[in-house]
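Subject: Handing over the structure

Dear colleague,

I am passing on the structure below, and after it come my notes on what was found. Please read them with the structure open beside you.

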Amino acid sequence: MTAGFVREARASDAAGLARVQVASWRASLAGLLPDAVLAELTSAEAEQRWAGRWLEAITKPPTSRHRVHVAATQPGSLPSIESRSIPGPATEAAELAGFAAAGPATDADLWPGTDAELYELHVLPELTGQGHGGRLLHAVADTLAEDGFRTAYTWALSADDSRLEFLESAGWAPDGSHGNLDMGEKVPVVRLHTRLSPEA
């Protein structure tokens, strides 16, 4: 386990979030998506677009219930790596390890007033298994509950065994909903859910 903490994302994190997202996709989606699709999603041009989208998500969220959380290592727990440095005096020596984005559910069969959705959860491949993903999930669950949500949902590729095992070990379970992503070929996905409050 690596010492770390979770905080709300800042505008200065946007480029770092895009780097983490691209690195995570390259490591976890190889063999699960068509090679050409994965190459397009993780190209240098795509990374710049993701950075712009994360900047907007952080600085101009659709609602106050749309949140982006950042996981960082404790100062001194890892050697400094410039590409993962988080600017700012309070976290001068901290390193960006991962992030999560969540907010109101977007599926038509869910109620965004009480149903939430985990949109994204990514950890740098070299830092997986160090507790950052779990800290992010806990922070997201706590924040969603504080925002009045009762249940959270998320989608995962049906063949992404590592993500499914991680989510299930954290208390998530399939809710019976399935679908397909159109990626030039159909990629099966499964929806999971977890309870955020006793009333759910």
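The buried residues of helix α4 pack against β1 (4-8), β2 (67-73), β3 (96-104), β4 (115-123), β5 (151-157) and α5 (161-169), where packing rests on contacts, meaning heavy atoms within 4.5 Å, and where helices (H or I, at least four residues) and strands (E, at least two) are DSSP runs numbered from the N terminus. The residues concerned are His-132, Gly-133, Leu-136, Leu-137, Ala-139, Val-140, Thr-143 and Leu-144, with buried meaning under 20% relative accessible area, exposed over 50%, and partly exposed in between (1.4 Å probe, protein chains only). They lie on the same side of α4, because they cover an arc of only 165 degrees around the axis, the arc being that of the directions from the helix axis to the C-beta atoms. The face turned away from that buried side carries the exposed residues His-138 and Glu-146. As for its length, α4 (residues 132-146) has 15 residues and should span 21 Å at 1.5 Å a residue, which agrees with its end C-alpha atoms being 21 Å apart; the expected span of a helix is 1.5 Å times one less than its number of residues. Just after α4, Gly-148 takes a positive phi of about 95 degrees.

Before going further, please bear in mind that this is a predicted model, in which local features need pLDDT of at least 70 and side-chain atom pairs count only at pLDDT 80 or more, while totals for chains, interfaces and linings use all residues. Residues are numbered from 1 along each chain as its sequence is written, and side-chain values use heavy atoms, with hydrogens and water left out.

On the protein as a whole, there are five helices and seven strands, and from the N terminus on the elements run β-α-α-α-β-β-β-α-β-α-β-β. Of its 200 residues, 44% count as buried. Among contacts between residues at least 6 apart in sequence, 69% join residues at least 24 apart. The accessible surface comes to about 10100 Å², of which 53% belongs to carbon and sulfur atoms; these areas come from the Shrake-Rupley method with a 1.4 Å probe, and for residues only the protein chains shown count as cover.

Helix α3 (residues 44-59) can be described in a similar way. Its 16 residues should span 22 Å at 1.5 Å a residue, and its end C-alpha atoms are 23 Å apart, which agrees. Ala-46, Trp-50, Ala-51, Trp-54 and Ile-58 are buried in α3. Seen down the axis of α3, these buried residues fall within an arc of 145 degrees, so they line one face of the helix. On the other side of α3, Glu-45, Gln-48 and Arg-53 are exposed. The buried residues of α3 pack against α1 (14-28), α2 (35-41), β2, β3 and β4. In the loop between α3 and β2 one finds Thr-63, which counts as partly exposed because its relative accessibility is 34%. The C-alpha atoms of Thr-63 and Gly-103 are separated by 8.5 Å, although the two residues are 40 apart along the chain.

The charged side chains come next. Side chains of opposite charge can pair when their charged atoms come close. A salt bridge is taken here as a side-chain nitrogen of Lys or Arg within 4 Å of a carboxyl oxygen of Asp or Glu, and by this rule the count comes to six. In one of them the side chains of Asp-13 and Arg-7 meet (2.9 Å, N to O), and both of these residues are buried.

Which residues share in a network of salt bridges? Asp-109 forms a salt bridge with Arg-191, the closest N and O atoms being 2.9 Å apart. Asp-109 lies in the loop between β3 and β4 and Arg-191 in strand β7, so the pair ties together parts that are 82 residues apart in sequence. Salt bridges that share partners join Asp-107, Asp-109, Asp-175 and Arg-191 into one network. Asp-109 counts as exposed, at 53% relative accessibility, whereas Arg-191 is buried, with a relative accessible area of 4%.

With kind regards
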